[in-house]
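Reader: I have this structure open and would like to talk through its contacts and open spaces with you. Could we start with the charged side chains?

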Amino acid sequence: MRIEKSEGPLTRWRLLGEECSAELMPSRGGLVTSFKLGDDELLYLDEATLLDLTKNVRGGVPLLFPFAGKAPAGSTLSQHGFARRMPWEVLSAVADEATARIECHLTDTAETRAAWPHTFDARFAVSLYDRRLMLEWAFHNTGAAPMPLHFGIHPYFRVGDKTKVRVDGTHGLAFDNKAGVERQVERVDFSDGEVDLHFATDAGGTTLQRGDGTRVRLSWTSQFGTLVVWTLPGQPFVCVEPWTARGGQPAPQEIAPGATERLAVEFWRE
């Protein structure tokens, strides 16, 4: 395993192994932009939005913090919070025979405190090993008051025939974010226009059938209690998103002063 760093308009860090690779752009919101197995790129990325710093990136794995989805009532922050638009600082980049790992961090600023009155130290580690991608976070409350934890990720997975795409656990009662109502879902048709559905889950993971005969497995820690699936018509991606809670809802837990909460999500192709 090895790590390469390339300079340019945006610095790219590449984690490289035998027939597998991943790419991270810390300065672009700690964005994982690529996860590749052989010639198979699992993640979708709109490169134009990546290079246009005035836009939110469409693609990769955006980080949603201090909340996922709609901002809480009265907040001045935009959807999905500020972490995806801020530069993360690289703390370490190490590789050995089995693993390549990069760790970054993000801390509060005067600007973040004006919009969200909490102080924090957030750590984010990306590890490539055994043809798997592990994403880990540690949120440390450096303040004197409890800090709400409402967090999620927004992975854009590249898919083939969307009529054949399936995601385990996407049936039953769901919140339809387009219509603003809860409804029963028998089966999600990802080829039928925009899909934006939020399911409660305690499964600890799911499987995406990509519509091309391959599958991606996701596994996550117990804090993630919501599974969001989203796509747009005519686009070759389906987003499969573990969140700690539905957007606009109160944070499901708080981090005590001086305490740290750790979360993780892992991807691999089956």
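Predicted model: local features only at pLDDT ≥ 70, side-chain atom pairs only at ≥ 80, totals over all residues.

Reader: Which side chain does E103 meet in a salt bridge, and at what N to O distance?

Author: E103 meets the side chain of R123, with 4.0 Å from N to O. Because E103 lies in strand β8 (residues 99-107) and R123 in strand β9 (residues 120-129), the pair ties together parts that are 20 residues apart in sequence.

Reader: And is E103 buried or exposed?

Author: E103 is buried, with a relative accessible area of 18%, whereas R123 is partly exposed, with a relative accessible area of 31%.

Reader: What else does R123 meet in a salt bridge?

Author: The side chain of R123 also meets that of D121 in a salt bridge, at 2.6 Å from N to O, and D121 is buried, with a relative accessible area of 13%. These contacts belong to a network of salt bridges that links R101, E103, D121, R123 and E136.

Reader: Let's turn to the aromatics, then. How many aromatic pairs does the structure hold?

Author: The structure holds 18 aromatic pairs. In one of them, the rings of F65 and F82 have their centres 6.1 Å apart and their planes at 90°, so the pair is edge-to-face. F65 and F82 both lie in the loop between β6 (63-64) and β7 (89-95), and the pair ties together parts that are 17 residues apart in sequence. F65 counts as buried at 1% relative accessibility, and F82 counts as buried at 4%.

Reader: What about F124 and W137, how are their rings arranged?

Author: F124 and W137 form a stacked aromatic pair, with 5.5 Å from centre to centre and 0° between the planes. F124 is in strand β9 and W137 is in strand β10 (residues 132-141), so that distant parts of the chain, 13 residues apart, are linked by the pair. Both F124 and W137 are buried.

Reader: Which residues form the aromatic cluster?

Author: One aromatic cluster is formed by F65, F82, W88, W116, F120, F124, W137, F139, F151 and F224.

Reader: Now the open spaces. What volume does the largest pocket have, and which residues lie nearest its centre?

Author: The largest pocket has a volume of about 410 Å³. Its lining is made up of 23 residues, and of these Q79, H80, H154, D196 and W230 lie nearest the centre. The elements that give two or more residues to this lining are β17 (195-200), β20 (226-231) and β21 (237-243). By class, the lining of the largest pocket has seven nonpolar, nine polar and seven charged residues.

Reader: And the second largest pocket, what lines it by class?

Author: The lining of the second largest pocket has four nonpolar, no polar and eight charged residues. This pocket has a volume of about 210 Å³, and its lining residues include D176, K178, R183, R187 and D196. The largest share of the lining, three residues, comes from β17.

Reader: How many cavities of 30 Å³ or more does the structure hold?

Author: The structure holds one cavity of 30 Å³ or more. About 70 Å³ of space lies in the largest cavity, which is lined by R28, L31, K55, N56, V57, P62, R84 and R85. By class, that lining has three nonpolar, one polar and four charged residues.

Reader: Last topic: in what order do the strands of the open sheet stand?

Author: The open sheet has five strands in the order β1-β2-β3-β4-β5, with antiparallel pairing. β1 (2-6) and β5 (40-41) stand at the edges, each with a single partner strand, so one side of each is left without a neighbour in the sheet. Five bridges join β1 to the antiparallel strand β2 (residues 12-17), and I3 stands opposite L15 in β2.

Technical notes. Residues numbered from 1 in each chain as written. Heavy atoms only, no water. Pairing = 2+ DSSP bridges. Helix = DSSP H or I, 4+ residues; strand = E, 2+ residues; numbered from the N terminus. Buried < 20%, exposed > 50% of the residue type's maximum accessible area, 1.4 Å probe, protein only. 1 Å grid on protein atoms, 1.4 Å probe; cavity = no way out; pocket = protein on both sides within 12 Å on 5 of 7 lines; lining within 4 Å. Points joined across faces, edges and corners; volume = space filled by probe spheres on them. Nonpolar A, V, L, I, M, F, W, Y, C, P; charged D, E, K, R; others polar. Phe/Tyr/Trp six-rings, centres within 6.5 Å; stacked < 30°, edge-to-face > 60°.
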